[in-house]
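The points below are set out in the order in which they might be checked, beginning with the interface.

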Amino acid sequence: MIDAMNVEEPSIEKYLRQDRLPHIWCSGCGIGPVAGCFLRAIDREEIDPDRIAVVSGIGCTGRVAGYVKLDSFHTTHGRAIPFATGLILANPELNVVVFSGDGDLVAIGGNHLIHAARRNIDMTVICVNNFNYGMTGGQVGPTAPLEARTTTTPYGNFEFPFNLPYLVSASGASYVARWTVLHIRQLEKAIAEAMTKPGFSFIEVIAPCPVVYGRMNKEPKGLDSMYYYQEKSVIRNGADPKDADLELNGPIVVGKFVDVQRPTLWDHLREVSSRAQEKAKARAKV
Amino acid sequence: MTEYQELTGKFFINGDVACAEGAISAGCRFFAGYPITPATEVAERMSTRLPQVGGIYIQMEDELASMNAVLGASWAGVKAMTATSGPGFSLMMENVGLGVMLETPCVLVNIQRAGPSTGLPTLVGQQDMMQARWGSHGSYEIIALAPISPQDIFDLTITAFDLSEKYRIPVLIMSDEVVGHMSEKVVIPHVAPESLLNRRRPEVPPGEYLPYKTDVGLVPPMAVAGEGYRFHVTGLTHDERGYPVMTADAQDRLIRRLVDKIRLNRDDIIKYKETQVEDADIIVCAYGITTRIAQFAVKMARDEGIRAGLLQLITVWPFAEERVRELSLQTKAFVVPEINYGQIVLEVERCAGGKARTILVPHMGGGVHSPETILEAIRETAQ
Ligand code: SF4
C-alpha cells in the first residue's frame, strides 16, 4: 500500500510519519496517492515544510493529517476549515492546507466551505471526492451522482449532487481545479499552484473507494478503478465549472477551471487594521 | 505593541464591554464570534478594539465555526476568545470537547439568557450551568467562572485566560444578561504583561518533542504551528506522541490525566467568597448576578436576628465540594437561589450529603429574584 503513495520516490519519505505506517486505508483506495501528490508538490516546489499546517476533519481522508510529518490537526467532523481559518488568521506566515473528504467538507462542513471561498482566505482545500462515506461503511454523500447505489440508497440515489467546482467558484474561490487520482502530474502541479497562490484554492480529486462505493456501483476492482476514472475523464482546462456536473458512469470533466487574481481577505484586513490603528493613534494624541 | 493597547482609568461601561476590555488586558489578540443577544456587545467591542492593538476580529458563519477558529488561533500561538449565549453555547459544545482533548487554551464567554431553545433572548437566565459542566460528550473536567458585576467580569476574564494558559483547557465565563448589560464603574488598571500567565513552551528540540509528554505536573508544554516541531494532534484518543491509539489502556491513561490535571489542582483553581458563614445557621449559596441579591437577603435576615451567611461561588466548576462539605457540618441548611429550576443546588445537595438541608429558590428566568423571595426562604428554613 505504501507504493500507492509512491514512496519509491525518496523525496517524500521524509514527510511521512514512518512510525505510523502501515496506514489504515484499504488497498486500491484513492486517498493515499493524493497524499503522495501533495507531499511531492511540497518537495518539488520547495515549500518550507515547517510553515505548513495540515488540517483534516473526520472520515477516511481525514486521516491524512495523521500520516504527514508536518504540523497537523485532526479536528472534528466538518470543522477543518474554520479551525484552519483560526490558524491562518493568527499566523499569516503559515501555509495552511485542508485535506478532507466530500462528506466532511461538503455535507456537514458545507457552510464553512462556501464562506471560506467567499472570504477568499489564504488556504488550500484538497477535497478527495469518492462519493460516499467510506469510514462508516459507504452511505450516500452529497456528491453521489443520481442513481448511485450506496448502503443507504439501495434502490439508487434520489438526490441531486453538488457540482463542487461550480459551487466553490460561484462562492468566490481564486483557484479551482478537478483531477482524478491518476492524473498524478497534473494533480501535483495543481497542488503546488494552489499552495503558492494567494487566496482560496480548491482542488477536487475524484478518487475511488473500491471496497464500498466502487463495489456497489460495479466499478472495476482495485487499481483498475483508478484507471476507470482516468479513462472516463475529459481534460478541459478553462471550462466553465457550471458544465462540470458529474453523472453516474458519465464523463468526468477535469482540468483547471479557475485561476484568477482577486484581492484576498488579508488585503482588506490589513487595510482596515491600519485604518483602526491610525484612528486610535489620532485619538491618543488629542 | 503600542501604547494604545490598554485603556486604563475609570469607565462607566457594561459587563459585555468590560469583558472585552478584560480580554484585551489579558493579552487576547483573536476573537471569532457570531452575533447573538445578549452577548453581541462583546463581539462589537472586540471588533473595534482588536484591530487597534494588532489583533484579529472575525465574524464567522456560525458558532461551530467560531469555536473552531478560536482553537485554531490558539494553536497558532495567540490567546483567543469567543462569546455567545444559549443557542450558540449549545452549538459550541462539540468543539469545547475538542479543546479539552487537544488541550487548547482559550476562553468562551456565555452571557446567559433564559432557555430552553430560543427562550427569552433578551432576558436573564442562569440555565446553562450544568451544560457548562457536562455539555460536551465524554468524561472530562472544565473550568467555569461566574462574575457578578462589570468590574468582576473584567477581572475574571483575565483570570480565565491565566487559568486556560496554565492548565491548557477552555475556560468558560458563565455570566448572564444582567451583568452583561448593566453599566457600572469599572476601574481598568495597567496590567503588566509579565503578570499574565502563558502556556509553557517546549524546551526540547523539535526531534525530541512529544506533544503530550508531561515533565513537571500533568500539563504538557505546548508547541504551536509553524515553529518546526511538526507535531500531530487529534481528537481521537492518543498517546504522548499525539498519535491515535484505539485501546482501553490508552483511553485510561489519557482521560485520567485530562481529568486529574484539573481535579488535583482544584485548590489552585477554586475561588469562593464567604460572608458571615462562621456562625451561620443558614448559608445562602449563590453565584453570578444572584449573589448580589442574596447579599441583600442575608443582611435583611441578620437584621431580623436570623444567623444567615453567604457563600459566593466565583469558580463554579470545578465545584467547591470540599468547602461545601465542611460547611455542611457547621450549618443547618443551605439556601440556593438560582435563575433556573435547580442545577447547582444538586451539587450543593450532593456535597451536603444529608448533613445540612438544601433548599432551592428557583426563578424560571426573565428576571432576577427579589431579595424578599430569598429572605422568605431563609425565614422558612430558620423555623
Ligand atoms: S473505505 Fe473507501 S475511502 Fe475508506 S479507506 Fe477504504 S477504500 Fe478508502
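How many residue pairs does the rule find in polar contact across the interface of chain A and chain B? The points that follow take this up, together with the surroundings of the ligand and some details of the backbone.

1. The model is a predicted one, and the values below should be read as computed from it. Across the interface of chain A and chain B, 21 residue pairs are found in polar contact, with both residues of each pair at pLDDT 80 or more. On the side of chain A that touches chain B, at least two residues each are supplied by strand E2 (71-74), helix H2 (80-90), helix H4 (110-119) and helix H9 (265-285) of chain A. H9(A) is the element that gives the most to this side, with 10 residues. Sorted by class, the side of chain A that touches chain B is made up of 17 nonpolar, 14 polar and 13 charged residues.

2. Contact between the two chains involves 44 residues of chain A and 41 residues of chain B. About 3,500 Å² is buried between chain A and chain B, and carbon and sulfur atoms give 59% of this area. Within chain A, the residues that lose the most area to chain B are A:Asp71, A:His74 and A:Phe83, which together make up 15% of what that side buries.

3. Side chains of opposite charge can pair when their charged atoms come close. Over all chains, the structure holds 40 salt bridges, and 3 salt bridges are found across the interface of chain A and chain B. One salt bridge joins A:Asp50 to B:Arg230, with 2.9 Å between the closest N and O atoms.

4. Which residues surround the ligand? The shell consists of A:Trp25, A:Cys26, A:Cys29, A:Ile31, A:Cys60, A:Asn130, A:Gly134, A:Cys209, A:Pro210, A:Val211 and A:Val212. By class, this shell has 9 nonpolar and 2 polar residues, and no charged residues. Helix H7 (residues 210-216) of chain A provides the largest share of the shell, namely 3 residues.

5. Inside chain A, a salt bridge brings together the side chains of A:Arg40 and A:Glu188, at 3.1 Å from N to O. This pair links distant parts of the chain, for A:Arg40 lies in helix H1 (residues 31-45) of chain A and A:Glu188 in helix H6 (residues 184-196) of chain A, 148 residues apart.

6. Most residues other than glycine have a negative phi, and most peptide bonds are trans. The peptide bond from A:Leu21 to A:Pro22 is cis, with omega near 5°, and A:Pro22 is placed in the segment before H1 of chain A. In chain B, B:Gly115 and B:Pro116 are joined by a cis peptide bond with omega about 0°, and B:Pro116 sits in the loop between strand E5 (106-114) and strand E6 (120-124) of chain B. Although A:Asn120 is not a glycine, its phi is positive, at about 50°; A:Asn120 belongs to the loop between H4 and strand E4 (123-129) of chain A.

Definitions and conventions: Residues are numbered from 1 along each chain as its sequence is written. Chains are lettered from A and ligands numbered from 1 in the order in which they are written. This is a predicted model: local features need pLDDT of at least 70, side-chain atom pairs count only at pLDDT 80 or more; totals for chains, interfaces and linings use all residues. Side-chain values use heavy atoms; hydrogens and water are left out. Contact means heavy atoms within 4.5 Å. Buried area is the accessible area (1.4 Å probe) that two parts lose on being put together, summed over both. A salt bridge is a side-chain nitrogen of Lys or Arg within 4 Å of a carboxyl oxygen of Asp or Glu. A polar contact is a pair of N or O atoms within 3.5 Å; within protein, one must be able to donate a hydrogen and the other to accept it, and residues adjacent in sequence count only if both atoms are side-chain atoms. Helices (H or I, at least four residues) and strands (E, at least two) are DSSP runs, numbered from the N terminus. Ala, Val, Leu, Ile, Met, Phe, Trp, Tyr, Cys and Pro count as nonpolar, Asp, Glu, Lys and Arg as charged, and the others, Gly among them, as polar. A residue is near a molecule or strand if one of its heavy atoms lies within 4 Å of it.
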